[in-house]
Amino acid sequence: MKTTSCPCGSGLPFARCCAPLLAGERAANTAEALMRSRYTAFARRDAAYLQRTWHDSTRPAALDLEEDPAPKWIGLQILAHEHTGADRARVEFVARYRVGGRARRLHENSRFVRERGHWYYIDGDIDEGTAGPIEGERRQ
Ligand SMILES: [Zn+2]
């Protein structure tokens with residue numbers, strides 16, 4: 001049986017990467033690991049996990065991942081990961097997705113906080129300037 005590689009692009013099998021995090025069996029060791037698992041949760045439409053890893057000060061009351069047309073998440077690239085305090089971190093990433101036959105990219109600078117040993121997503125600045133189509137994928 002072919003092992004499924006993790007949607008987050010780590011190169012590891014899903015079962016040994018984000019799966020234990022989504023299942024609540026293991027906590028993310030770093031903000032980057034949490035970011036990766038949240039990307040995987042978006043790709044798998046796991047709204048419950050996204051809510052669980054969202055800091056309660058910024059967490060939306062409800063999360064609707066049933067968009068139409070539904071985005072297909074096709075890749076994650078971590079550009080930067082740095083600690084901005086003892087329990088604070090910043091992760092910059094580009095997530096690529098396809099919606100309605102068009103490839104798009106989301107460039108975000110996300111803020112994370114660690115509380116009682118668990119990392120949470122707070123919010124992020126989205127760089128709209130780079131939210132265009134991916135080079136080389138303009139023609140479909
Ligand atoms: Zn993963």
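Does R36 count as buried or exposed, and at what relative accessibility? R36 counts as buried, at 19% relative accessibility, where buried means under 20% relative accessible area, exposed over 50%, and partly exposed in between (1.4 Å probe, protein chains only).

1. Basis of the note. This is a predicted model, in which local features need pLDDT of at least 70 and side-chain atom pairs count only at pLDDT 80 or more, while totals for chains, interfaces and linings use all residues. Residues are numbered from 1 along each chain as its sequence is written, and side-chain values use heavy atoms, with hydrogens and water left out.

2. Overall composition. The protein chain contains three helices and four strands, helices (H or I, at least four residues) and strands (E, at least two) being DSSP runs numbered from the N terminus. Along the sequence the elements follow the pattern α-α-α-β-β-β-β. The protein chain has 140 residues, of which 38% count as buried. Of the contacts (heavy atoms within 4.5 Å) between residues at least 6 apart in sequence, 43% join residues at least 24 apart.

3. The sheet. The four strands make an open sheet in the order β1-β2-β3-β4, with antiparallel pairing; two strands pair if DSSP finds at least two bridges between them. The edges are held by β1 (72-85) and β4 (118-126), each of which has a single partner strand, so one side of each is left without a neighbour in the sheet. On average, neighbouring strands of this sheet are turned by 25° against each other, direction ignored. Strand β2 (residues 88-99) pairs with β3 in the antiparallel sense over 12 bridges. In general, strands of a sheet pair through backbone hydrogen bonds, either parallel or antiparallel.

4. Helix α2 against the sheet. F93 has E108 in β3 as its bridge partner. Helix α2 (residues 31-43) packs on the sheet and touches β1, β2, β3 and β4. The direction of α2 makes about 160° with that of β1; axes are lines fitted to C-alpha atoms, for helices over the stretch in contact, and angles run from 0 to 180 degrees between N-to-C directions.

5. S37 in helix α2. S37 is found in helix α2 and is buried, with a relative accessible area of 0%. The side chain of S37 reaches the backbone oxygen of L34 at 2.8 Å. Apart from neighbours within four places in sequence, S37 is in contact with C18, L21, L22 and Y49.

6. E108, a buried acidic residue. E108 lies in strand β3 (residues 102-115). E108 is buried yet has no salt bridge, a salt bridge being a side-chain nitrogen of Lys or Arg within 4 Å of a carboxyl oxygen of Asp or Glu. The nearest side chain of opposite charge is that of R38, 7.1 Å away; Lys and Arg count as positive and Asp and Glu as negative, while His and the chain ends are not counted. The side chains of E108 and Y121 are joined by a polar contact of 2.8 Å. A polar contact is a pair of N or O atoms within 3.5 Å; within protein, one must be able to donate a hydrogen and the other to accept it, and residues adjacent in sequence count only if both atoms are side-chain atoms. Not counting residues up to four places away in sequence, E108 touches residues including V91, F93, Y121 and I126.

7. Salt bridge within helix α2. A search of the whole structure finds seven salt bridges. One joins R36 to E32, with the closest N and O atoms 3.4 Å apart. The two residues are four apart in helix α2 and are therefore separated by about one helical turn. E32 counts as partly exposed, at 22% relative accessibility.

8. Salt bridges involving the strands. R114 forms a salt bridge with D87, the closest N and O atoms being 2.9 Å apart. R114 lies in strand β3 and D87 in the loop between β1 and β2, so the pair ties together parts that are 27 residues apart in sequence. R114 is partly exposed at 29%, and D87 is partly exposed at 33%. The side chains of D125 and R111 also meet in a salt bridge (3.4 Å, N to O). D125 lies in strand β4 and R111 in strand β3, so this pair ties together parts that are 14 residues apart in sequence. D125 is partly exposed, with a relative accessible area of 44%, and R111 is partly exposed at 35% relative accessibility.
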